[in-house]
Amino acid sequence: MNDMYIQDEREQGNRYAAYLNGKCVGRVSAILVKETILIPHVEVNANVRDLGIGSLLVRRAFDDARSEGHSVLSLCPFARRWVDWHPNYRDVASTPKVGEVTAVNAPAAYTN
């Protein structure tokens, strides 16, 4: 049986990481700016992409944001689609304003 878990690593580097059998196989960047968590990037190793790990990572970021009273701005296309697929998280999701994605993506790229 595979041992898979999501680890909150925000204190070490603004992210959550997914581990499968002790090896990091994916991560989601989660950058807190005021009361909003930015998700600029979700990454999962190619050999495990069909296991739902990206969804688990995004769900964890959204669940923590909700419990901490934050909103989430999904800059990553996968994370934006994930919100569309999970309408019960729309109360936490922020909609990007015109130009916001481009303005935030450049500096956010340096935090990965």
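Partly exposed here means a relative accessible area between the buried limit of under 20% and the exposed limit of over 50%. The model shown is predicted.

**View 1. Arg 10 and Glu 68 form a salt bridge between two helices.** At 22% relative accessibility, Arg 10 falls in the partly exposed class, and Glu 68 is also partly exposed, at 37%. The closest N and O atoms of the pair are 3.0 Å apart. Arg 10 lies in helix α1 (residues 10–13) and Glu 68 in helix α2 (residues 53–68), 58 residues apart.

**View 2. Arg 66 and Asp 91 form a salt bridge.** Their closest N and O atoms are 2.5 Å apart. The pair links helix α2, which holds Arg 66, to the loop between α3 (77–85) and β8, which holds Asp 91, 25 residues apart. Arg 66 is partly exposed at 35%, whereas Asp 91 is exposed at 59%.

**View 3. Glu 9 and Arg 15 form a salt bridge.** The closest N and O atoms are 2.9 Å apart. Glu 9 has 11% relative accessibility, so Glu 9 counts as buried; Arg 15, at 24%, is partly exposed. The whole structure has seven salt bridges.

**View 4. Four strands form an open sheet in the order β4-β5-β7-β8.** The pairing is mixed. Strands β4 (31–33) and β8 (93–94) are at the edges, and each has a single partner strand, so one side of each lacks a neighbour in the sheet. Strands β5 (residues 36–39) and β7 (residues 71–74) run parallel and pair over four bridges. Ile 37 stands opposite Val 72 in β7.

Key:
Residues are numbered from 1 along each chain as its sequence is written. This is a predicted model: local features need pLDDT of at least 70, side-chain atom pairs count only at pLDDT 80 or more; totals for chains, interfaces and linings use all residues. Side-chain values use heavy atoms; hydrogens and water are left out. Two strands pair if DSSP finds at least two bridges between them. A salt bridge is a side-chain nitrogen of Lys or Arg within 4 Å of a carboxyl oxygen of Asp or Glu. Buried means under 20% relative accessible area, exposed over 50%, partly exposed in between (1.4 Å probe, protein chains only).
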